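Here is a short report on a ligand site and a sheet. Have the sequence and the model open as you read.

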Amino acid sequence: MLSFAEKNVLLGVCGSIAAYKACELASRLREQGVRVDCALTASARHLVQPAALEAITGTPVITDMFPLITNPEQGHIAVAQRVHLCLVAPATANILAKAACGIADDWLSTTLLATRAPLLFAPAMNTNMYTHPATQANISVLLERGAAFVGPASGRLACGTEGAGRLADIPDILDAAFCALHQDKDFSGKRILITSGPNHEPIDPVRFIGNRSSGKMGRALALEALCRGAEVGMITGPAQVSPPYGVKAIQVNTADEMYDAVLSCMNEYDVIIGAAAVADYKIERPETSKIKRGTDHILLRLTPNRDIIAAVADAKRPEQRVVGFAAESEDLLLKAAHKLRQKRLDMIIANTIGGEDCAIGADHADAYILVPGQEPEKLEHAEKSRLAKIIFDRLLALD
Ligand SMILES: Cc1cc2nc3c(=O)[nH]c(=O)nc-3n(C[C@H](O)[C@H](O)[C@H](O)COP(=O)(O)O)c2cc1C
């Protein structure tokens with residue numbers, strides 16, 4: 001399974017006002033079990049204290065080239081060879097220029113030249129600096145050489161202006177780092193559409209019927225697909241988790257909206273995975289004004305929603321793959337096998353409902369993977385990230 005644990009990441013911190021966010025980033029990396037070597041440029045040292053990062057990473061922060069002659073473990077060549085990823089966050093206009101030109105005039109820029117680990121830059125700077133043709137040309141050169149970028153985001157900048165140049169949000173940097181660490185791009189060139197999360201079916205303008213789906217399975221699938229080089233689209237209901245960085249996401253509420261969104265774009269994709277817990281029923285006639293509290297009973301009349309995965313399976317081209325999910329309280333395998341056959345799916349993931357590993361809303365699942373003509377594969381207490389990896393491994397085996 002792809003994991004951050006036991007990976008070694010070099011976190012290079014440059015002289016941007018966003019340097020203080022490096023502490024949060026280092027802390028989040030450590031939480032995931034990453035060994036973090038942290039280097040501060042001379043400018044960064046004016047803005048953030050090495051001691052804070054040392055306390056977080058548990059390793060001495062690198063601030064200079066030459067004192068390290070007596071500590072070869074943290075010399076530029078040793079670190080360059082040891083790390084699995086060089087993450088420069090925040091990356092200044094200056095470090096991008098130096099990396100693009102191969103300038104090696106301090107520890108960080110020298111290490112970026114000495115390493116063959118993947119490079120990931122998270123730029124942060126004033127909008128004019130970012131949009132300057134020199135910076136844009138440097139970014140193009142680095143992209144052409146295979147470096148990855150995350151952000152910058154847009155918004156209010158420390159210099160008081162509004163625009164592109166904010167350091168990407170920490171969760172987005174973590175997603176991008178996770179993808180950059182994954183070197184096996186076996187889904188490169190593939191386009192994958194994933195539905196995710198619950199639906200909200202309105203009762204009146206303020207109330208809805210929903211379900212407990214968190215969207216964690218859809219997110220795990222999207223992140224796995226991105227890491228393996230796919231282009232990923234997501235159509236997501238109101239989930240608890242956001243789509244990973246780099247996904248083209250469309251937000252919807254109701255099953256009808258999800259149906260229309262999926263059917264209108266499914267042609268662009270090679271694989272369609274229906275991981276959303278689509279609402280089977282909607283309110284036949286939602287009220288247009290808020291229903292007043294009273295003493296009388298209210299009857300809500302429900303009507304079935306359209307079946308998204310069945311419509312996708314009907315409309316698909318022969319070479320497109322369709323993966324469905326099923327969740328049942330009883331006769332799980334029988335019902336999932338029936339759905340697989342009836343809807344002519346390429347794969348179905350059958351989740352148990354009830355018990356500790358009820359997949360709906362949880363981080364783990366007890367699940368079966370069913371593929372036509374094969375014995376069901378049982379996964380017990382599987383983390384959703386592991387389940388996602390196995391689903392993509394099995395998809396590869398179908399081709
Ligand atoms: C308070 C302050 C904030 C700065 N913020 C940024 C920034 O966000 N992005 C940037 O590219 N440069 C920024 N600079 C300018 C860089 O610090 C300067 O270009 C420096 O040479 C970068 O060195 P380094 O890339 O080695 O860290 C800032 C300077 C100061 C004084």
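## Ground rules

Two strands pair if DSSP finds at least two bridges between them. Helices (H or I, at least four residues) and strands (E, at least two) are DSSP runs, numbered from the N terminus.

The model is predicted: local features need pLDDT of at least 70, side-chain atom pairs count only at pLDDT 80 or more, and totals for chains, interfaces and linings use all residues. Residues are numbered from 1 along each chain as its sequence is written.

## Strand E11 and its partners

Strands E8 (residues 191-196) and E11 run parallel, joined by six bridges. Threonine 195 sits opposite isoleucine 235 of E11. E11 also pairs with strand E12 (residues 248-251), again in the parallel sense, over four bridges. There, isoleucine 235 faces isoleucine 250 of E12.

Why is strand E11 (residues 231-236) largely enclosed by the rest of the structure? Five of its six residues are buried (20 or more other C-beta atoms within 10 Å of a residue's own, with C-beta atoms placed from the backbone).

## The whole sheet

The sheet is open and has eight strands, in the order E12-E11-E8-E13-E16-E17-E18-E19, with mixed pairing. E12 and strand E19 (377-383) are the edge strands, each pairing on one side only.

## The ligand shell

Among the 15 residues around the ligand, Gly15, Ser16, Thr41, Thr92 and Met125 come nearest. A residue is near if its C-beta atom, placed from the backbone, lies within 6 Å of the molecule. Helix H5 (residues 93-101) gives the most to this shell, with three residues.

Methods: A residue is buried if 20 or more other C-beta atoms lie within 10 Å of its own, exposed if 12 or fewer, and partly exposed in between; C-beta atoms are placed from the backbone.
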